[in-house]
Amino acid sequence: MRLTKKILALTLLLVPCFSAWTDDAEKADNVETKPREGQRTVVIAEADYDYDLNPQTASYTTEAQVLTGLFEGLFSYNPVNLEPEYALCTDVKLSRDQKRWTFTIRKGAKFSNGDPITAQTVKDSWLSLLSNPDASFASMLDCISGAAEYRTGKGSADGVRITVRGDNTLVVHLNQPASQFPRMLCHHAFAIVSKKENVYSGPFVVESIKDGCLNLVKNENYWDKDSVSIPGIKIIRSEDEDENTALFNTGDVDWVASSMDVEKIIDSDAVYYGPEFGTFFLFFKIKNKPWNKPEFRRALLEAIPYDKLRDGYISPATTLVYPLSGYPNIPGLDDYDIEDAVVLMNEARKKYGIPLDMQIPLVLALNESSYMQDFAELLRNAWKPLGVKLVVQTKDAMQYMSSIDTWNADLFYYSWIGDYADPMAFLELFRGGSTLNHSRYSNSVFDGLLNKAATTLDVSERYKILGQAEEKLLSDAVLIPIYHQVSLNIIDTDCIGGWSPNALDIHPFKYLFVKKKKINLPNMI
């Protein structure tokens, strides 16, 4: 019951983190006050893999967490409600048409090596992002005039309308209004980077990577170093559930963010489950025949037993975008009928000249886990009456995501957590020309609705249009939503301050501090 109540409480936290951004960008009143005494290195147990510490190419959520400590952009996340706060800029002014954004860059800001951070530094960082072929999030800057052309090799850097006016003024011209721009700029991909190696713009720097640990220490050149309480952070990379659990129970680890045995945690109040602004889904790659035709995909979706597909998940998903305050309640995918599915498949076969008795292969790309094999068996049985032969191809889990673009398969699984608090964080995955679009889906109606939403200043009307775009996506049978993720963290917030549960499961390292924990002794007479 305790965990159920905690999940309910965390669900309520989703509402404020999607409130409209204002140009005040004031810090939240409920950020905890940090003590100056008794501070020490905070120890975190995280997933065991080699982090990509280049913010422009990093794409995993664990890397995003670490990068909040190493790099910073014009805005950063508020640790409680995820609203954008001023970071390396101190002010922003919008033109009357909402297309010209004038940023005032913080005076005296420096990289960790002492080099100044100026308006030119910001421009250079963003142009570097746009020119990097491995930068997954680069297309999110396509809202800037000339950015898409430069990114795709059809234009020059000079054509990107980012103008430097002195050391502290940066003027950015957008193709159309983009109310989500400050939220988007909180993301690590748009952080300010140096051209030099091992130089950082955030509150910490990398001291060492050794013995399975990533060690960070305070950046003494950080503009807001006086607000950083702890001297450093030690990240233990471990997948050993028993070891991580034991280290937490003995107080050797302050926060376990991956691989733990919840049942063995002594302090049950340290267990934090929470809804996450993310969705696990399958998507079609719009490439091979006949699965590049929506009629065939619709037949497949009509045959899936969604109740069995989503059985056992805490938060089953029928849509792509996580339900949020103000976003329309659109019809999801949860109804199925095998007889109607057969009819749809036969109609598609006749339309495109495929014999009714011909077995049609469909290649499903999975990782090598047994869980995924069970998943494949359910789909194989569902689609067998349609004359579809499911062929499973697998790769090691660590290679799976990086292989998607070059993998000649028809159906893939994907786990996505929104990178900023807006529906576009999901819909961008299917926008034509997006660097995040692995499906190769391209539809003028869908893209047109996204463009229309971008020019709409009224939040409720904008959400309505984005809802129509998602409806188009679902009707074209491009994806199969399965569940919304639930985050799990083990942390004693009576001991560690500056940490708050939130929908993105992002907890900026800058705000962490050590509390003086009170020891409650029994009243003995």
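**Salt bridges in a predicted model**

Me: How many salt bridges does the structure hold?
Reply: The model is a predicted one. A pair counts when a Lys or Arg side-chain nitrogen lies within 4 Å of an Asp or Glu carboxyl oxygen. The total for the structure is 16.

Me: Is Arg151 buried or exposed?
Reply: Arg151 pairs with Asp142 in a salt bridge, 2.7 Å from N to O. Its relative accessibility is 19%. The cut-off for buried is under 20%, so Arg151 is buried.

Me: Is Asp142, the partner of Arg151, buried or exposed?
Reply: Asp142 has a relative accessibility of 9%. Buried means under 20%. Asp142 therefore counts as buried.

Me: How many residues apart are Asp242 and Lys264?
Reply: Asp242 and Lys264 form a salt bridge, with their closest N and O atoms 3.5 Å apart. Asp242 sits in helix H6, and Lys264 in the loop between strands E11 and E12. The pair links distant parts of the chain, at a separation of 22 residues.

Me: Which class of accessibility does Lys264 fall into?
Reply: Lys264 has a relative accessible area of 46%. Buried is under 20% and exposed over 50%. The value lies in between, so Lys264 is partly exposed.

Me: How far apart are the closest N and O atoms of Asp261 and Lys264?
Reply: Asp261 is buried, because its relative accessibility is 19%. Asp261 forms a salt bridge with Lys264. The closest N and O atoms are apart by 3.9 Å.

Me: Which residues do salt bridges with shared partners join into one network?
Reply: Arg151 and Asp142 meet in a salt bridge. Shared partners build one network. Its members are Asp142, Arg151, Glu428 and Arg431.

Methods. Residues are numbered from 1 along each chain as its sequence is written. This is a predicted model: local features need pLDDT of at least 70, side-chain atom pairs count only at pLDDT 80 or more; totals for chains, interfaces and linings use all residues. Side-chain values use heavy atoms; hydrogens and water are left out. Buried means under 20% relative accessible area, exposed over 50%, partly exposed in between (1.4 Å probe, protein chains only). Helices (H or I, at least four residues) and strands (E, at least two) are DSSP runs, numbered from the N terminus.
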